[in-house]
Structure formats: structure tokens, C-alpha cells
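Please keep the sequence and the model in view while reading.

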Amino acid sequence: MSRIGVFICHCGINIAGTVDVERVAEEIGQHPQVAYATTYSYMCSDPGQQLVRESIAEYDLDGVVVAACSPAMHEATFRRAVAAAGLNPYRCEIANIREQCSWVHEHEPGRATQKAVETTRTCVEKVAWDEALEPFHLSVIKRALVIGGGIAGMQAALDVANAGFPVVLVEREGRLGGKMAALSGTYLNFSAAPGLLERKVEQVLDHPHIEVLAGAQVTEVEGYVGNFAVRVSALADPLEVGAIVVATGWDPYPLSRLPEYGGSELADVVDGLTFEGMLQEGRAGLGRPSDGRTPREVVFIQCAGSRDPERGVPYCSKVCCMVVAKQAIMFKEYVPEGQAYVFYIDIRSAGKGYDEYVQRAMEDHDILYLRGKVSKVFRGRDQVIVWGVDTLSGQPVEVAADLVVLATPMLPSRQAVTLGQTLRAAVDQSGFFSEAHPKLRPVESLTAGVFLAGVAQGPKDIPETVSQASGAAAKVLQMFSQEVLIQEPTVACVIEQFCSACGACVEACPYGARAIHPLWHIATVNAALCQSCGACVTACPNKACQIHNWTPKQILTMADVLVGV
Amino acid sequence: MRVQISIDKVRGPFVRQVEEISGQGLLDCNQCGKCSAGCPVVAAMDLLPSQVIRMAQLGMEEVLESNTIWICASCLTCVTRCPKGVDLPRLMEALRQISLRQGVAELDLGALPPELTKEVPQLAIVGGFRKYIK
């Protein structure tokens, strides 16, 4: 028989305004395993936590249920408080009577109170069967792998290496620099770009702590956070690393997917990256692909293939508004007698100094912006004809252009999906790597120990890429500054007598955490890889798989309470 | 009718003339529309004030046929509020002048009713000559 304490939070009026917390305390207090039940205005406050700690000693409690807000808010808080009073933290559970009770049943206080009683009672039943668990400690190999040698990968590698830790940088191409090497210059400070990149490449190549493997690819990844074994095509032996930064960048959108703009059919319709190459040579490089003549009238088409869920990609590549402004300005610098037109849906120039830059393009360089998406581009006598619209005046327009530049979307690197499978890191429906949380964990993947930098995670420009790369490096260094990593113990386990080594769990596990032991011939769990999803539990025909503190016994007992058995 | 846009139009003589007379850079306007939003006589106009400057930006001389340039009373509400500091009344004046130089007269003096000429201040009639007659 357990001695469980139940602590019911008012959360000001958030809970107590709807739920009759005193009645919950009274009803739950009658449960045979509950030794003490009380309420308090804010249980998460210092005096609230003190109440929990002192009651553990006073009533000799061996388990705690806090009926309050979502466990996502304060489970860690109360587990710490319980541990401070000498109780095992895994014998503390949170009953969510705010988000799942008072907030959603505001107009039915009576039934909300009843639901609060039942929710709390299920948690009491669960705690009664909770094991006192200890977290796992994992060692950390203090060496990082960076995949991708563009500006993102180089920045992450430099930041980790400058902190004194060894880094291996794997690049699929034969040289470092990535897509930035293909740019003519950057916006805001055009002429500085080539020098900036060259210096970065030199720093990486000369760094004593960075080993560069160019022309190589990651083929296999085993292990888990702190202890990965990575096979790289260039190496005979696997690399042992503790953390991985994915910086695989992007690939261009095929022009053939834009037939209405004459993509890959009309020589004088090029994409932005091709135009960057032309700009690299200054005026001399600006000859038209068809006849080498210097173009006088140039049309830029923004969102060519972007924001087009029907035929292209649904997303905005974020950088094109600024890139097009830069390209149009540079065209005008090299060909002052020329005219640039920009067709746009809207201008996305969020960033320090960015909108001023676009305004300067219009005011100082006479670049004519036309609000509307181009419908088609077709061959004229000696020019390409652009059919668009200016929705501001309500006029359909036609421009006979010497050259058309399409601002096409950034596609995720063509290796991203395969690499994602190798790393067991999720990619989204567009093929960009998924971050662990869209707001608060943007540089971590959903796989522990795998971090994200640059366009691999989503379209972004150079300064943002560099920031994210430094963020990813900081996460790596945070890991490397610890001697051991602490891992939650609420993972899958195997009841060995029941296991027939059928392998159903191995197939079900999305994280590669399950295997059949070659000698013992039973299923094993790699606790570092297990994410407690429960797929193996449902797959196991013998009920040999369980998750610590989420056992079938516990779940069924909780269900029994709810159905009133 | 599809409007042809080319350097000869958007940087052509009409645009240069408008810019020279008004002293305004046409492409300073980024078409936010605030002038049209606050114009006190917009209801009587066939084109919004922001559409007038847009057509001028595109080199569309058809803008001279709009009644907007004549209805604009130069009250200066728009220029007071313009985030880009464009003096739209000066632009309207430039368009009126170009129109008048082309021989368009918006005011038929003979058709003015005598009662009106008796009551309206002399200053207004002289102003009307300047604004509406070649």
C-alpha cells in the first residue's frame, strides 16, 4: 500500500474559478492509497513547492500527484522539488486539470470538477505502480562531424574548432564554399563577398582542429547522441563523433519545370544563379546566351515556381526579393543605359537595412517594380516577350525583353531525404530538415545529437545562416562541456522470459533502438536511442515490451478508474 | 488592350517632362496608397490619386484624360501624409500643365452663368483661368 500525497493547484482562478478544488481534495483524500490531499493557490510558487517538500516528510509520503497545469509546464519543477525532499522524482506525476479540464469546460463547473477528480485519481493509480528510476548516464565523444562545406558548415566547424574540439567536415563537392562561391556578390556590401568567402575557406583549411574530407559523402550512421559511428565514403574505418551538424544547403530548381516562362527552351531566359555567374564577369559577362549582345532591357520575375502549390513549391525562399534587387542594381551599374523591370507579388525585405536597399533600387537606379506575376514568356523577333500585369494600375502589360531572369526557389539538397534516413532525422514535406521546435529549438533536429545549420533546415540568407550555424555550434559545445549526458529512464524494456526474439519490435522501431542480441537471442533496447514512442509495445505479440512507468498494468488500471470498474 | 512597357516609355520624354515640371522623382512612390486613402475628394475621381502616379510611372500618357488631375484641389492632405515625401499636388499640376499645353481647355468662360461670375471672388476666377485654361 502506497502513501501518496495529492497537491491540487488553484492556479489563481485559472483552475479554481471553474473546478471546485476543495471538493477534489476531499474526494481524492478518501482514496485508500492517498495519505494526504490539499490545495494551494499557486503550487509552482516557492511556498507551494515548499508545501510539497514539507508534506513528504510530515506524512511520510512515497509518491506525489500534483493536479495542476500541463506536465509540459511544470513536471520538471515538481520532480525537482520532490527529489529535494528525498523522494525518487519518477514517483511524481502531474494530473492536468487546467488545459484539459478548467479551460475547456469553463461553462460546466460541476462536470469539470468531476473530470478533475477522475483525472487526478488515474494519476494516483499510476503513481502507485511507478518504479523509482534512475536516469542513464552516457559518455560523450568530444569530436563533431559537420556535413556540408558551404558557409553554414564552415561557420559551424570553425566555431566548434575554435573552442578547441576536433571537427571533421565532409563535403560532397571537390571544394569548399558551397553556393556562396557561385554568387557575384552579396547585397548591402556587394564587393566584399569573394574576399569574405576566400578567407573563411582558408581559415577552415588551415585550422589545426578541422579535418576536411572533400568529394566525400556520409553513407551510414550508427549509434546515438554522444556516441555516433559514421561511415564516410572516403574513409576505411568509421568515424567516431559525439555530435553531427547537418549543413547540406540547397540545390537549384530545374528551369524545365517552368515551361510557361520558356524555361530551358528559350536561351535568354536564365535562373538567378546563372545570372550571378554572368555578373561575376562585370559588363563583359553580361552578353546574352543567345547572341552575346549586351542586354538593354532585363526583366526579373520573382516567385518563379515559388508560392505555387499547384505547379511549383508552396513556400517562399525568403532571399529572392533582396537578391533580385541586388542583381537589378548591379545590372544597372554595369549597363547604365539599360532598364530593369521586376515583377513581384509582394516585396519581402525584412532585415536590417533591407527595405532601404530595395527602396534605393527603385529611387536611385530607376528600377521599375510591377506588381503582378508574369503569365508567360515567349519568343519574339529578336527578344523574349513577357506578358504580365500591373495590378496597381489594373493594366495588363507587355515587355519585349533582351533577357529574363527567373528568381526560382531554393530546393533542399538532393541528398537531404537519403541523409535524413541515414541520420534518422526527419525532413518536412518539402524536404528540409525538421527542427525540434519551430520557435524555441530551431537549431536542433528531432534526433538527439543532430543539429541543423543553414538552408538544410529552410531557406535563409547568409547572415541568418551564419547565425544558425553559430547556434548549432553552441549546442554542440554545450554537449561537449559535459562529462556525461543524462538520459531519461522512461524508455522501453524487455521482459526476457516472454521474448521469443521474433524481431517485431526491431521492425516497428523508427529510431533504430531495437535489436536482437546475437548471443542471448532476446530483443534488446538501446536506451540512448529510444524515444519512448511505444511502437514496439504494440508490435510485440508476447507483451514482452514495456515502457518503464508506462506499463500495460498502469495504463489498464488508469482506464479502469475512468470506466468505473 | 495590353500596355507596352519599354525603356523608351518608362524613361521617355513624357516621364521626364512630368518629373521636370513637378520636381518629383516618380519612382520615389512605392504605391502604398495612403494618398488615395485620405483624399477628401476621391469619391468624385475616375482614377485614384495613387493610380495617377502609377500610370505616370509606367509612362502612360492616357493619364491626361483622367478627371482626377482636374478634381484635385491641391489641398495638400496627401503630401502632408506621404511616407516617401512625394508632392502629389505638384505632380497633378504638372499633368494639368502638360494637358493645357496640348490645347485642352477644361473651362469655357462663355458658359459660366453671369450670377456665378458676380458672386465668385475675382481671385477664384483668375485662379480658375490659370488652372483650367491654356
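A:A328 is buried, its relative accessible area being 0%; buried means under 20% relative accessible area, exposed means over 50% and partly exposed lies in between, as found with a 1.4 Å probe on protein chains only. The model is a predicted one, in which local features need pLDDT of at least 70 and side-chain atom pairs count only at pLDDT 80 or more, while totals for chains, interfaces and linings use all residues. Residues are numbered from 1 along each chain as its sequence is written, chains are lettered from A and ligands numbered from 1 in the order in which they are written, and side-chain values use heavy atoms, with hydrogens and water left out.

A:A328 belongs to helix α9 of chain A; helices (H or I, at least four residues) and strands (E, at least two) are DSSP runs, numbered from the N terminus. Not counting residues up to four places away in sequence, A:A328 touches A:F300, A:A340 and A:I367, where contact means heavy atoms within 4.5 Å. A:G12 is 316 residues from A:A328 along the chain, and the C-alpha atoms of the two are separated by 59 Å.

The next topic is the nonpolar cores. A nonpolar core is a set of buried Ala, Val, Leu, Ile, Met, Phe, Trp, Tyr and Cys residues joined through side-chain atoms within 4.5 Å. In soluble globular proteins, nonpolar side chains tend to be buried together. The largest core here has 95 residues, and those with the most contacts inside it are A:F275, A:V377, A:V404 and B:I5. Helix α9 (residues 320-334) of chain A gives the largest share of this core, eight residues. Another core lies apart from it and has 38 residues, including A:V34, A:I56, A:F78 and A:V124. With neighbours within four places in sequence left aside, the contacts of A:V377 include A:Y261, A:L266, A:I301, A:I385 and A:V404.

Strand β3 (residues 63-68) of chain A pairs with β4(A) in the parallel sense over five bridges; two strands pair if DSSP finds at least two bridges between them. Within this pairing, A:V64 stands opposite A:C92. From β3(A) the chain passes through helix α3 (residues 71-84) of chain A to β4(A), a β-α-β crossover that is right-handed; that is, with the strands pointing away from the viewer, the path from the first strand over the helix to the second runs clockwise.

A:S70 sits in the loop between β3 and α3 of chain A. A:S70 is buried, at a relative accessible area of 16%, and its contacts, neighbours within four places in sequence aside, are A:I94, A:N96 and A:E99.

Elsewhere in chain A, A:I516 is part of strand β28 (residues 514-516) and counts as partly exposed at 27% relative accessibility. Between A:I516 and A:D291 there are 66 Å in space, C-alpha to C-alpha, and 225 residues in sequence.

In chain B, helix α4 is mostly covered, with nine of its nine residues buried; among them are B:P49, B:R54 and B:Q57. B:G59 follows α4(B) and has a positive phi, near 75°. B:R96, in helix α7 (residues 88-101) of chain B, counts as buried at 2% relative accessibility and touches B:I69, B:W70, B:C72, B:S74 and B:K131, residues up to four places away in sequence not counted.
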